[in-house]
Amino acid sequence: MPLARRAFLTAVAGSAGAVACSRASADGTDNSSPEKEAPVTQAAAAAARRMLPHHWRQLHFETTTDDADAFRVSGDSGRITIAGGTAGTQLTGLRWYLKNVTHTNISWAGEQLNLPAELPGLDGTVTRRANVPHRFVLNDTNDGYTGAYNDWSYWERELDVLALHGYNEVLVIVGADALYHRVFQKFGHPDEELRRWIPGPAHQPWWLLQNLSAFPDGVSRQLLDARAALGRRITDRVRELGMTPVFPGYFGTVPPGFADRNAGARVIPQGKWMGLARPDWLDPRTDHFAQVAATFYRVQDEMFGGPSTLYKMDLLHEGGDPGDVPVGDAAKGVEKALRTAHPDAIWVILGWQRNPPRAIVDAVDKSRMLVVDGLSDRFPKVTDREADWGDTPYAFGSIWNFGGHTTLGANTPDWTTLFKQWRTKQGSTLRGVALLPEAADNNPAAFDLFSELAWEERDFDLKVWFREWSHSRYGARDPHAEAAWDILRRTAYGTTRADSWSEGADGLFGARPSLTVRTAGKWSPKQLRYSPEEFEPALSELLQVRAGLRNSSAYRRDLLDVARQAAANRSRVLLPRVKKAYDTGDSAEFGRLTRDWLALMDVLETLLATDSGHLVGRWVADARSWGADPEEKRRLAYDNLSLLTVWGTRQGADAGLRDYANREWAGLVGGLYRQRWSTYFDELRAAQQEGREPEPIDWFALEDRWTRNPGKLSTRPTGDTYEAAVRVRDALTAPL
């Protein structure tokens, strides 16, 4: 992987220039090469070439003018025509063709592209139209939990895949740090002070949400410049693909001392969140707010190539204090500033907890607001969003993971039932879908199914859908693949919101040790939402898929996911037995079970080490690659790794933030997680032998020490996924 700093400190050309660079090595005499096409079809063809380097010349893209949200697919063998109003819509048509005609799969977690030399034709023309105009993607937290230090090679692929799956509105926050830095220098704040206030990139999503500032360290000028360049490049590509960038809007965040430098400014202190200093809030009713907002939107336009039509803002997020400012009046001030800068803009706001309150939605022009609902598939009491939000337009959303947990599964029956019911009911204001897992690049079956909601009018039969998905995912029908996915449909993907959860339970290997611990993340489900005994046979079925279908990254990813999940589920079976042995004083049984626990962690570590996407060493190396010198590399590595471990300060970690982003990755399972459990078991064993109570362990000190010095971490995969999955199966089938 090229160093991020090298990639982003180069001059960033506009979108047309970027495409021209990517075409430089193409055969200039090929009539179907992208440069021969109009701009929209050129963008679709360039994306197709990136994803299908051996077959893109057989694809012909056409731009329609009648409907931007529809595509048509037709053609004979070797000449497939895909028509649509935007490059993104055309690529959505390409995905339909790949899944339904060639039985191939491109996802954000593995792909299978066993295509014939000549692409097969279709009988007639297939037409599809999106059933909602807004197809929003990426959570506010995505840039932290997916990877704040991802480079352009990552984003180029991610945007192609999002366009392929039909999304047309993409949250873009990369470069917002540089934006705030430039804006507040114009209001008297010096460069160095601002850079100390801006947190590290991994923690910036919560700074933009007004939860924290200045943690764990400030940022350098070169880092701000690099992120600004990347943000511009992402934005240019989003637009090139016919999607709309959703930018952070301005709702009042100011640095410390703003009122001292700007006489008469009215600032409301926001106190602390989880032991971290929240940014102050500038009263949106005031002239000072209007001046800052005008500067913010002007500089944002300059930095990112012009305005958008969608701006994301959440007032007083998770405990923000309005002081004596009426929330409705504040909303009017925020809206006025946005309309003054961008009269046609839509205010995008998250549906989460009590957000948005009626005080906000009743104060603004509801027709120019969009609520992206993070709770559509979470609570059974959510039944009437029109009543909740006073007929404000909203998007049906799902947060199927929190913190980037590697847990497999989703409430798919709720998606396929509720989305259509809510969309088609009389008086519905449902106008979109919102894909909102806190981290991307996981749960590929959920990703594909949720993406199809906006493009299908027919009812979903989940049994049929998962059977057909296994066909395209692996390239041919296989009874064991179908059996595996039917098991997964009935277990991990068969949960519903009846229990008031939208994500699966995390494993206990990643938990702070205790004999009574029920979850690794404090705010995660306390028990499995399906039977682990019913789930485990999916692993044996996947292992029996015929050898000719095992060569794709799609198969390897699914096999790893299922084996990993089966091992994680077993932790919930083992721990009560460990507790019983300890409580009854059975030292022999306690020793045997704790050895089994650590051995299963070792088997899991070996499995995870076979996949580059499951290496915490790569996570750390990516962060280090953005540093200009050893000290900056160290700071950035801690910024990124601490998000997965202690998250923040001791106060915040002990309050529940630690392990919020737990995940079963190589280097974590075999590193911090194993060290914690072996330390704990050793102390319990010593206490049992000496007839005393166990001594308390300063877990934060251990965790923070490991985070600052994790030792040598692998950045390249080792071993074979299939062989490692066999070892997991064997470990699970051994007598307990």
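Colleague: What volume does the second largest pocket have?

Modeller: About 570 Å³. Bear in mind that this is a predicted model.

Colleague: Which residues are closest to the centre of that second largest pocket?

Modeller: Glu 318, Trp 352, Gln 353, Glu 438 and Tyr 660. The second largest pocket is lined by 24 residues.

Colleague: How does the lining of the second largest pocket divide into nonpolar, polar and charged?

Modeller: 16 nonpolar, four polar and four charged.

Colleague: OK, now the largest pocket. What is its volume?

Modeller: About 1100 Å³. Its lining has 48 residues. Nearest the centre of the largest pocket are Trp 108, Asp 441, Arg 557, Gly 613 and Arg 618.

Colleague: Which elements give two or more residues to that lining?

Modeller: α6 (152-164), α22 (553-583) and α24 (616-624).

Colleague: And how do the residues lining the largest pocket divide?

Modeller: Into 15 nonpolar, 20 polar and 13 charged.

Colleague: Switching to the backbone. What is the peptide bond from Phe 215 to Pro 216, cis or trans?

Modeller: Cis, with omega near -10°. Pro 216 sits in the loop between α9 (204-208) and α10 (221-240).

Colleague: What about the bond that joins Asn 355 and Pro 356?

Modeller: That peptide bond is cis, and omega is about -10°. Pro 356 is in a loop, with β16 (346-351) on one side and α14 (358-361) on the other.

Colleague: Next, phi. What is phi of Asn 443, positive or negative?

Modeller: Positive, near 50°, and Asn 443 is not a glycine.

Colleague: Where is Asn 443?

Modeller: In the loop between β19 (430-435) and α17 (444-452).

Colleague: Is that Asn 443 buried or exposed?

Modeller: Buried. The relative accessible area of Asn 443 is 3%, and buried means under 20%.

Colleague: What is phi of Asp 659?

Modeller: Near 65°. That is a positive value in a residue other than glycine.

Colleague: Which loop holds Asp 659?

Modeller: The loop between α26 (650-657) and α27 (668-690).

Colleague: Why call Asp 659 buried?

Modeller: Because its relative accessible area is 0%, and the cut-off for buried is under 20%.

Methods
Residues are numbered from 1 along each chain as its sequence is written. This is a predicted model: local features need pLDDT of at least 70, side-chain atom pairs count only at pLDDT 80 or more; totals for chains, interfaces and linings use all residues. Side-chain values use heavy atoms; hydrogens and water are left out. On a 1 Å grid over the protein atoms alone, a cavity is a set of points where a 1.4 Å probe fits but cannot get out, and a pocket is an open set with protein on both sides within 12 Å along at least five of seven lines; lining residues have an atom within 4 Å of a point. Grid points are joined across faces, edges and corners, and a volume is the space filled by probe spheres set on the points. Helices (H or I, at least four residues) and strands (E, at least two) are DSSP runs, numbered from the N terminus. Ala, Val, Leu, Ile, Met, Phe, Trp, Tyr, Cys and Pro count as nonpolar, Asp, Glu, Lys and Arg as charged, and the others, Gly among them, as polar. Buried means under 20% relative accessible area, exposed over 50%, partly exposed in between (1.4 Å probe, protein chains only).
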